[in-house]
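Subject: Structure for your review

Dear colleague,

I am handing over the structure we spoke of, and below it you will find an account of what was found. Please look through it with the text beside you.

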Amino acid sequence: MGFDTVDKIKYSDLNIDFEICGDYRSHVFLTKDNTVFKKFSLKYLISLLDDEYDIEEKVLNASGLVNTPEVLIPSSAVYDNGNFIGYTMPFFDGASIYDIDFYDGNIIFDCFYLKLENIIKNSENIVFPDLISCGNILVNDDSICLIDFDGLQISDYASSVMCSSLGDGRLYNNTKYFNHGLFTKELDIKSLIYLYFDLKFDCGLWNLNSIKSYDDCFNKLEEMFNYHNIYNNDLFEKVLRLYDDSKPNVYLNDTIDSIFNNYDIDYDLYSYSGVKKLVRK
């Protein structure tokens, strides 16, 4: 495709320190020179090729595909006996978004969310189908980092994964969310709003995935909003659009400011029962 390629290195040249995590698809290691190495299983690589996902080509073209500094890209492609087995990337010193306590005063969730939303919105050639899987958004006191490069859909490079929290893939078999073999940015907006409700209210919007009737969806959503004391018509309309294939999704944007400026979480109730509800300031 004419892009600059990343370096190619040998597996034997890596100085691996310890394994960070792993599953049947890949294992992630930290090296002694403080880089991260992601090694794919042979079975997984073969399955990707069988489904026409060329992860090696995507990795090699990484430096020309991504212009968003918060999206971590490979620094080298790794080979063993001439065969592609994975890639290295810089190490980011942060924690998963799901491990951060946004109520300890160090990081204001609403400010963090708007920053994340802007990163996703401005990454016009990238769709993040696996955005809200645990571990794919890392944060520290002043930075956000999005990892899982191989799970990204970048330009014409499709993704082979989608977060299970978004529900059955068949829900997205329409031009709003999936067009000409690729996901649309509408999916990113849905992922972001799911993340907002999960972390702000401990409210799983994915519980609406299986509701097929628009009226039933409306009623269930109204019930959720009432339970958490969310009285904001703009937010309600934006969430309802997620389940209406005839209307485009809308980023939360200024709606976040409206809620943040007018409401607090009921901290006494939250500390006592773990239920997050809004109270007027």
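In what follows, Ala, Val, Leu, Ile, Met, Phe, Trp, Tyr, Cys and Pro count as nonpolar, Asp, Glu, Lys and Arg as charged, and the others, Gly among them, as polar. Please bear in mind throughout that this is a predicted model.

I begin with the empty space. Rolling a probe the size of a water molecule over the atoms shows where empty space is left. A search of the whole structure finds 1 cavity of 30 Å³ or more, and the volume of the largest cavity is about 50 Å³. Its lining consists of F128, D130, L131, N136, I147, D148, G151 and L152, which divide into 4 nonpolar, 2 polar and 2 charged residues.

The largest pocket, for its part, has a volume of about 750 Å³. It is lined by 31 residues, of which C21, V28, G135, N136 and I147 are the closest to its centre. Two or more lining residues come from each of the strands β2 (16-22), β3 (26-31), β4 (35-40) and β6 (83-90).

Next comes helix α8, which spans residues 254-262 and whose buried residues are T255, I256 and I259. These three lie on the same side of α8, because they cover an arc of only 105° around the axis. On the other side of the helix, D254 and N261 are exposed. Which elements cover the buried residues of α8? Included in that cover are the helices α4 (109-122), α5 (185-201) and α7 (233-241), together with the strands β14 (263-265) and β15 (278-280).

Finally, there are the aromatic rings. A pair of aromatic rings is described by the distance of the centres and the angle of the planes. With centres within 6.5 Å as the criterion for a pair, the count comes to 20 aromatic pairs. One of them joins F29 and F37, which are stacked at 6.0 Å centre to centre with 20° between the planes, and both of these residues are buried. Elsewhere in the account of the rings, one aromatic cluster is formed by F109, F112, Y113, Y196, F197, F201, F218, F225 and F236.

With best regards

Key: Residues are numbered from 1 along each chain as its sequence is written. This is a predicted model: local features need pLDDT of at least 70, side-chain atom pairs count only at pLDDT 80 or more; totals for chains, interfaces and linings use all residues. Side-chain values use heavy atoms; hydrogens and water are left out. On a 1 Å grid over the protein atoms alone, a cavity is a set of points where a 1.4 Å probe fits but cannot get out, and a pocket is an open set with protein on both sides within 12 Å along at least five of seven lines; lining residues have an atom within 4 Å of a point. Grid points are joined across faces, edges and corners, and a volume is the space filled by probe spheres set on the points. Helices (H or I, at least four residues) and strands (E, at least two) are DSSP runs, numbered from the N terminus. Buried means under 20% relative accessible area, exposed over 50%, partly exposed in between (1.4 Å probe, protein chains only). The arc is that of the directions from the helix axis to the C-beta atoms. Contact means heavy atoms within 4.5 Å. Rings of Phe, Tyr and Trp (its six-membered ring) pair if their centres lie within 6.5 Å; planes under 30 degrees apart count as stacked, over 60 as edge-to-face and the rest as tilted.
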